[in-house]
Amino acid sequence: MKLKTGNELHEVSPHIMINRSTKVIMQDVVLAMIPALLGSIYFFGINALILVVSAVTTCVLSEYIWQRIRKEQLTTNDWSAVVTGILLAFNVPSTTPIWAVMLASVFAIIVVKQFFGGIGSNFANPALMGRAFLLFLWPASISGYVTTYHSGVDAVSSATVLGLYKSGSDFSMFSKWDMFIGNIPGCIGETSTLLLLIGFAYLCYRRVVNTAATGAYIATVLLMTFVFSRDGLFKGDILTNLLSGGLILGACFMMTDYASVAPRVKVTLAVIAGLITAGIRLWGMLPEGVSYGILAANCLSGLVEIIIRPHIYGVRLKKQKN
Amino acid sequence: MKHYFHGGIHPADGTDKQLSNQKPIRIYAPKTVEISMKQSPGSICEAAVKVGDKVSKGDLIGRPVEFGGANIHASISGTIIDIRTDSDFSGRKSEIIVIQSDDANADETNSISDYEESLVDLSGYTKEEIIIKMNEGGIIGLGGAGFPTHIKYETKERIKYILINAAECEPYLTCDHMLIMEHGYAVINGVLLLVKASDADKAIICFEDNKQDAAKHLESIVSDKELPIEIKILPTRYPQGGERQLVEAVLRMEVPAGKLPASIGVIINNVGTAKAVADTVIGSIPLITRVVTVTGEVKEPCNYMVPIGTRFCELIELSGGYTIKDQRVIEGGPMTGICLQIGGTYDTLSGSVTKATSGLVVLKDVPKDETPCIRCGECERVCPAGLAPFKIDFAAIEDDISLCNKLYATECISCGCCSYVCPAKRELAYRITEAKTEIYRLGA
């Protein structure tokens, strides 16, 4: 089969197209993360900004260098590496050493993204894989959670709210309002539900995200953690599960990420991610399971696509008649 | 109850059609026409006349040599001054007959017949007679695909519904809309003939809700008359006018893959085709004129009633020429039409109106660069056939035809929705259509 290329391809229909490109989508996502970024600087200090800038720079540079060495089409101007960089930094605490973030960025871009063919071909979310990379190799580097500058005490080491909740410790020093605005220990970008939702509202307005997947993911996690709680059936703390930890960040910015997820199966995968996340929170060793939940769902997308068949117009009828 | 088909898009904001749906249809009589012996894809005819012959308007000048072809008639009276051979982009050759009009016939009067302004008595026409006249009159689908109408009606299946497609879902085009506004009675008479030709229970005329005035106009003609005609208004959405999508939206049925709509008792015709049937059967005028929308970046967008064979350059000239320099001229609608010209001036624009030419749309030519697929899944969400266009695209690029087949590339209706929404600007529709053609070619 001979396919047109170049100028000839330029002539094919349709002759009009939507006013939206990969670059615009990625820029929208970056814009949507700005409120949470500003919030993190306010809560955790300039270190948060330094980590984000290091991650973004490393991501973009690794992509650029890799594509130059391999003589591939340059895609650094599509802003996707910027998104990966910000998300990666959002998923580590403010005490993380810069070298760790940079190493994770290189891993995310080179191994997770470019090894598999670059943008769109990665099997899982590169930023979350970067986090998992650190969690496996240097767990200590990203476990130094501190209270924020505005929690009434000087910034000191602390467990996350979910950690305290899981171990049965008292976490009453963190009010639900603090959890909502982000004044709690946690990863850079995950603490402020309010600011993340502002960004998400923008993405919804720009129709960049699949809200059904976001809703299904949050609902599954909350339902599971409510029903099977540490304190007995139907006694889970819904608000704490919702507001502390990375649920909102994961649901709004990573569950909706495009990594190999077809729309038909997005909701199913969101439910699977929710089940795994809740499972880890309830019965796993770690207090938090958002990143593994979403990564597992990413990996299962191929399987789910095989199980959930698309409805193709007229094909079922054809088979019946034959 | 809203009527929907699966997938689909809103490719324009609604102002596109307003360019040309406010003004009456202009009648234009060119001095020369160039009638192609290929009136639609895959329907080649051979010339039945030779250079120097005198022909009168309505004389047979071309006979089909292929299954999908239909008779072609002289659209003006005059002399055949040239017959030249033309080859299309795929290298297939066909003839073009050039007729120059005689001044003697130029001032002929256009008297308006009864069927143009009232509902006429059709009891004198039999089913067979109507189908024979459709065949003789060279009637093909005027919606764009150009399938001969009589073949649709020669089916052995029991037909329950005739769907009259007045959706005109392509952006910019207004030829069907204006045709209904000005030739409502002829359309209804034609629809009644189609019902008769098929022994159908009733005809359903399907509009999109951006053409309320046209729907009301037909409603006023058929109301209180106990005709087997229903008028249905559907929410505006492209590609509503696709045969299979129309069946899904209106009747909530699906046409089995690889079968014609007749297999479930439905025939779909364009509203322009219905009018042409009335012209041929009642008015004894074969299909020699049609309404063409000339719109977009031209000085005066308008709809024209022109003879088949009117040269495109004349139509652009009539509309005042291009208003921009880097233009792209499209025959048909912007979603599925064919690109005729990029840049240049209109006097170098070749080609002429065929029975399937619904419009000439002049748009600004926008450079587009294909970037890698980001798997956002938009193409799959909007695909009316339920396909995963990005997967077929990958397979087509790898030249893996059997994988394309497994992914049901054959069910693609080439509507272009996937390419339209793709943020990576990939030419999905083009490559899937090529894969579909290749599958059929290898299977044949």
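Predicted model: local features only at pLDDT ≥ 70, side-chain atom pairs only at ≥ 80, totals over all residues.
Is strand β13 of chain B buried or exposed? Eight of the eight residues of β13 (residues 289-296) of chain B are buried, so this strand is largely enclosed by the rest of the structure. A residue counts as buried here if 20 or more other C-beta atoms lie within 10 Å of its own.

## A parallel sheet with helices across it

Chain B has an open sheet of four strands in the order β11-β10-β9-β12, and the pairing is parallel. At the edges are β11 (229-234) and β12 (266-270) of chain B, each of which pairs on one side only. On average, neighbouring strands of this sheet are turned by 25° against each other, direction ignored.

Within this sheet, strand β9 (residues 161-166) of chain B runs parallel to β12(B), and five bridges join the two. Tyr161(B) stands opposite Val266(B) in β12(B).

Two helices can be followed across these strands. Helix α6 (residues 212-222) of chain B lies across β9, β10 (202-208) and β11 of chain B, and runs at about 165° to β11(B). Helix α7 (residues 243-251) of chain B lies across β9, β10, β11 and β12 of chain B, and its angle to β9(B) is about 115°.

## An antiparallel sheet

Another open sheet in chain B is formed by four strands in the order β2-β8-β7-β4, with antiparallel pairing. Its edge strands are β2 (32-36) and β4 (54-55) of chain B, each pairing on one side only.

Strands β7 (residues 78-87) and β8 (residues 93-101) of chain B pair in the antiparallel sense over nine bridges. Among the residues involved is Ser87(B), whose bridge partner in β8(B) is Lys93(B).

## Two domains of chain B

Chain B is divided into domain 1 (15-20 + 115-281) and domain 2 (378-442). Taken over C-alpha atoms, the centres of domain 1 and domain 2 of chain B are separated by 29 Å.

Where these domains touch, six residues of domain 1 of chain B are in contact with five residues of domain 2 of chain B. On the domain 1 side of this contact, three residues are nonpolar, two are polar and one is charged.

## Contact with chain A

How many residues of chain B are in contact with chain A? There are 51 residues of chain B in contact with 35 residues of chain A. Several elements of chain B each supply at least two residues of the side that touches chain A: β15 (327-331), α10 (378-382), α13 (417-421) and α14 (428-443). The largest share of that side, six residues, comes from α14(B).

By class, the side of chain B that touches chain A has 28 nonpolar, nine polar and 14 charged residues.

Terms used. Residues numbered from 1 in each chain as written. Chains lettered and ligands numbered in written order. Pairing = 2+ DSSP bridges. Contact = placed C-beta atoms within 7 Å. Nonpolar A, V, L, I, M, F, W, Y, C, P; charged D, E, K, R; others polar. Domains from an automatic or database assignment. Buried ≥ 20, exposed ≤ 12 C-beta atoms within 10 Å, placed from the backbone. Axes fitted to C-alpha atoms, helices over the stretch in contact; angles between N-to-C directions.
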